[in-house]
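Subject: Structure for you to look at

Hello,

Here is the structure I said I would pass on. Please open it first, then read the notes below next to it.

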Amino acid sequence: MRCELKCLSWLALTFTVLAPSLASAHPAEQALILLLPTELYTLGGTIAVVASIFLISFTSHDSLQRIYRGYIFATWPAAQKAPLITSILATFAFFLLIIVGINGPNDPQSNLLPQVIWTGWWVGLFVIQGLFADLWRWLNPWSGLAAVLLADRPAVLRYPNCLGAWPALGLFVVFQMFLLADIAPSDPDRLATIALLYWLFTFAGMVLFGPVIWTRNVECFSVLFALIGSLRPVQTSKAMRLGLPGWNSLSKAPLPTAQSMICLTVLVSGSFDGLHETFWWLGQIGINPLAFPGRSAVVWPSIIGLIAANIAVTLVFGACIWAGISLARRFGTLGRVSLVQAFNTYAIAILPIALGYHFAHYFVSFLVQIQYLASTLGDPLARGWNLFGLGNLRVTTGFLNSTTTVKPILLINVGVVVCSHIISIAMAHWLSGRFSAARRDLILIQFFLSILMVCYTIFGLWLLSTPRGV
Amino acid sequence: MSNGTSKKTDFSRRSALKGIAATTLAATALPRFVQAQSASPIKIGFQKHATGIGAAYGRWYDATTQAAVKRINDDGGINGRPVEIVIEDDGTDPKRGAEVLEKFANQHKVDVAFGTLFSHVVIGSAPRAGELKLPYFVVSEGHHVASGMLNRYTLQPGITDVKSQVQSMAPFVAANLGKKVTMIYPDFAFGHDHRDFFSKAIEAQGGQVVAQIAIPPSETSFTRYFPSIPRETDVVYHVMVGPAVLTFVKELGEFFGPSRPEIFGFIDSLEAVDITSPGLEFLEGTYFWEGMPRHAQAENSVFDTAYRAAVGVDERGASLSDSKDVSTYAHMFGCWETLNVIKAGMESADYKGPDDRAKLIEAVEAMSEMPHSMDHPQGPKLFNGKTHQVFGQQYISKVDGGTLKVEHTASIEDGMYEDEVDYTAQSF
């Protein structure tokens with residue numbers, strides 16, 4: 001009965017822990033959110049996005065061109081050797097983590113490996129990479145070693161160019177499946193094994209095909225973080241340049257199709273991660289949202305849902321672009337534009353939304369999990385140490401028990417989701433200039449894409465406030 | 001650190017390490033045992049809901065477990081041997097739960113397994129415990145143990161089951177709140193169990209359930225159901241659960257306004273939730289079942305006071321380091337008491353190692369009275385060796401000025417029912 005009971009004591013239940021579960025909110029937080037006027041937040045956010053569409057549509061393309069560029073604000077060039085040194089240190093750290101994963105505590109809340117991988121890397125580094133700094137360049141666990149061992153060594157095999165970055169897309173989808181559907185993705189043993197195998201697989205690929213080729217086409221996280229990293233306002237190469245978020249991404253368009261698909265997959269997978277926890281989704285797959293039976297009961301629905309969501313959104317995205325082109329050709333002066341070319345041009349504009357959703361999806365759990373990470377860092381080898389005074393840190397979820405803190409957290413998430421859409425809209429408008437200079441064409445070609453953006457805004461804001469059962 | 005309320009002790013941290021010889025562990029963590037007895041630790045596998053929907057409970061079950069083990073070890077351990085907790089995360093998943101039991105038995109070589117809360121995990125894991133011949137001490141409140149659906153290796157000696165809890169509420173409700181009851185419950189097995197157990201129990205007290213309002217589990221707004229509450233209703237019995245519970249309470253308050261029938265509910269709905277949360281004002285003056293009173297009472301027992309200090313919660317059941325961080329106080333005592341039962345059982349059976357597992361189960365089965373004590377701070381208990389289920393007092397508290405004040409303590413006898421199984425008749 002209280003299987004029943006327990007399965008249900010909802011208010012005390014959820015609030016999962018590590019990334020796979022990270023997204024689940026504390027029950028009290030969810031309950032408090034349901035008492036807030038979330039419809040008004042959704043309405044306000046949607047109006048802001050619609051208004052931004054109008055505003056940006058009537059902004060001259062020249063103005064947007066001027067705005068969307070990087071301005072040099074420091075002449076420091078990007079460091080060349082230091083990242084290789086830190087990368088080698090990161091490799092050592094990685095293997096230490098693997099050892100801790102295998103030999104450390106079995107409780108994922110006390111083991112440094114799942115804490116670092118899911119909280120530090122997948123949530124934290126992802127966001128930092130997209131907003132503040134190219135951390136991946138400094139912490140990549142292969143690049144330094146490859147530079148030392150493989151620098152002057154010719155590749156053993158020739159990478160089939162026809163494959164492009166499609167292997168990276170495939171690996172990223174597999175990673176998302178592990179994240180969403182595996183029954184114990186935080187288990188230290190399991191995670192250590194998988195992380196080690198992936199490291200070996202990647203390094204072997206670098207040895208066989210060359211590190212640059214492999215990193216650009218197969219190592220999905222390098223591909224992902226390069227794309228996400230292009231969004232940063234501050235970019236460093238020969239000098240440090242500052243611009244609006246995404247200014248550097250625009251030069252990457254049009255992307256190779258595989259990379260375009262990765263952009264969409266990042267967004268859709270993150271969105272589906274949120275969706276698959278909702279009452280709505282659980283209702284679709286016949287699960288009582290008040291008695292979630294465990295991840296093992298929904299492995300296939302999660303996998304199939306993830307794939308179906310990716311296919312569906314890709315088709316809708318493509319259809320909106322096709323319809324926009326058709327509209328602009330029929331009622332405007334747009335010349336011939338291929339669907340693939342337009343698809344690959346606009347795909348990069350999806351990335352801000354993907355980053356915004358990633359932030360909003362994990363923000364609450366990150367605030368809890370970072371405490372676990374900090375306390376585990378205070379005693380990384382489970383020896384009862386108290387390094388940096390962190391060993392005595394007491395994790396709390398009390399801030400999720402009060403409207404005083406829950407409301408601003410929700411509003412931050414709403415703000416992030418709305419801003420990410422506005423940035424995407426501005427980028428899409430800039431990119432439309434690749435096809436035509438006429439304002440009428442620019443508006444028409446983006447017409448359906450704009451509707452899609454508005455719909456996705458509503459969906460994203462709904463995700464933040466709808467009850468969850470996982 | 002494994003939980004939010006108390007720093008994992010040096011010992012417990014170490015206990016989770018694998019691949020390090022037990023003697024080395026004992027030598028570094030528990031020199032007292034080594035010097036005195038050269039004893040290897042007794043390993044207890046803790047099946048923890050570290051992730052998944054049970055994580056809020058798992059965090060506090062962990063805190064309680066660590067505190068209980070510290071006390072046991074400070075008092076000399078079990079049979080002179082230190083206790084070592086080996087934690088594995090079951091993800092609040094039945095399949096993973098069974099895998100975890102296999103790891104306990106085959107990889108960690110634990111003596112017993114313990115701690116599981118969510119009943120679907122218990123039901124998914126217990127058969128494997130039986131196959132592995134691993135004593136499995138659960139803390140789930142489920143009636144599945146006493147109903148006979150599990151096996152001789154699965155016991156619940158530290159917390160009462162829900163059938164007993166619901167049944168023992170009826171005498172107080174009928175005598176003090178009214179005899180005409182409207183039940184509002186979620187429309188699935190959990191709610192149905194409450195409906196069936198309580199309807200029968202209130203009728204035995206001369207009462208009557210005048211309406212049964214089943215709410216679809218996916219519902220998040222409830223106002224349209226309230227007109228179905230008959231005017232003659234003396235008491236509304238609610239067991240709503242889920243993220244919409246606060247909404248339910250708020251809408252119920254708005255519906256009734258200042259004149260309302262008596263309201264009775266189970267604290268499970270609000271476990272780990274601050275009773276003074278916005279929207280819960282309407283709960284003022286209403287009644288709750290509590291497994292163990294969350295708020296310290298005016299005449300608190302010395303055992304409860306000491307237990308709070310050991311686990312690291314204050315007089316309102318919240319973390320000592322954050323008064324907003326409310327514990328799962330009504331349930332987590334089960335971990336403390338279960339570990340003390342394991343200790344008593346092992347000492348009674350003169351437990352030496354896995355070969356004595358059957359003797360341990362027989363020793364626990366032979367237990368009956370468990371007096372209110374530091375080992376059993378929730379209250380006195382009576383263990384039924386045949387059904388592997390413990391029976392105990394239940395508490396009915398009234399919200400008074402934002403504090404849960406105990407109005408009635410249901411006796412052990414109020415929660416007793418006919419045996420539904422005799423596990424002792426099963427072979428090992």
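**What was found**

B:Asp350 lies in the loop between H11 and helix H12 (357–365) of chain B. The model is a predicted one. B:Asp350 is not a glycine, yet has a positive phi of about 50 degrees. Most residues other than glycine have a negative phi. B:Asp350 counts as exposed because 11 other C-beta atoms lie within 10 Å, and the cut-off for exposed is 12 or fewer.

A:Phe388 is a further non-glycine residue with a positive phi, about 55 degrees. Look for A:Phe388 in the loop between helix H18 (351–377) and helix H19 (403–432) of chain A. Is A:Phe388 buried or exposed? A:Phe388 has 10 C-beta neighbours inside 10 Å, so this residue is classed as exposed.

Chain A also has a cis peptide bond, from A:Ala253 to A:Pro254, with omega near -5 degrees. Most peptide bonds are trans. A:Pro254 sits in the loop between S3 and helix H14 (257–275) of chain A.

Strand S3 belongs to an open sheet of three strands in chain A, ordered S1-S3-S2 with antiparallel pairing. Strand S1 (71–74) and strand S2 (234–236) of chain A are the edge strands, each pairing on one side only. On average, and ignoring direction, neighbouring strands of this sheet are turned by 40 degrees against each other. S1(A) and strand S3 (residues 240–242) of chain A are joined by three bridges. Across this pairing, A:Tyr71 stands opposite A:Leu242 in S3(A).

Now to the domains of chain B. There is domain 1 (3–161 + 327–392 + 417–425) and domain 2 (162–299). Taken over C-alpha atoms, the centres of domain 1 and domain 2 of chain B are 32 Å apart. Their contact involves 15 residues from domain 1 of chain B and twelve residues from domain 2 of chain B. On the domain 1 side, helix H11 (residues 329–348) of chain B gives the largest share, four residues. By class, that side of domain 1 of chain B has six nonpolar, seven polar and two charged residues.

Last, the largest nonpolar core. Which of its 245 residues touch the most other members? They are A:Leu224, A:Ile262, A:Cys263 and B:Val173. Domain 1 and domain 2 of chain B each supply at least three residues to this core. Beyond its neighbours within four places in sequence, B:Val173 is in contact with B:Val181, B:Ile202, B:Val235 and B:Phe264. In soluble globular proteins, nonpolar side chains tend to be buried together.

Regards

How values were computed. Residues are numbered from 1 along each chain as its sequence is written. Chains are lettered from A and ligands numbered from 1 in the order in which they are written. This is a predicted model: local features need pLDDT of at least 70, side-chain atom pairs count only at pLDDT 80 or more; totals for chains, interfaces and linings use all residues. A nonpolar core is a set of buried Ala, Val, Leu, Ile, Met, Phe, Trp, Tyr and Cys residues joined through C-beta atoms within 7 Å. A residue is buried if 20 or more other C-beta atoms lie within 10 Å of its own, exposed if 12 or fewer, and partly exposed in between; C-beta atoms are placed from the backbone. Domain bounds come from an automatic or database domain assignment. Two residues are in contact if their C-beta atoms, placed from the backbone, lie within 7 Å. Helices (H or I, at least four residues) and strands (E, at least two) are DSSP runs, numbered from the N terminus. Ala, Val, Leu, Ile, Met, Phe, Trp, Tyr, Cys and Pro count as nonpolar, Asp, Glu, Lys and Arg as charged, and the others, Gly among them, as polar. Two strands pair if DSSP finds at least two bridges between them. Axes are lines fitted to C-alpha atoms, for helices over the stretch in contact, and angles run from 0 to 180 degrees between N-to-C directions.
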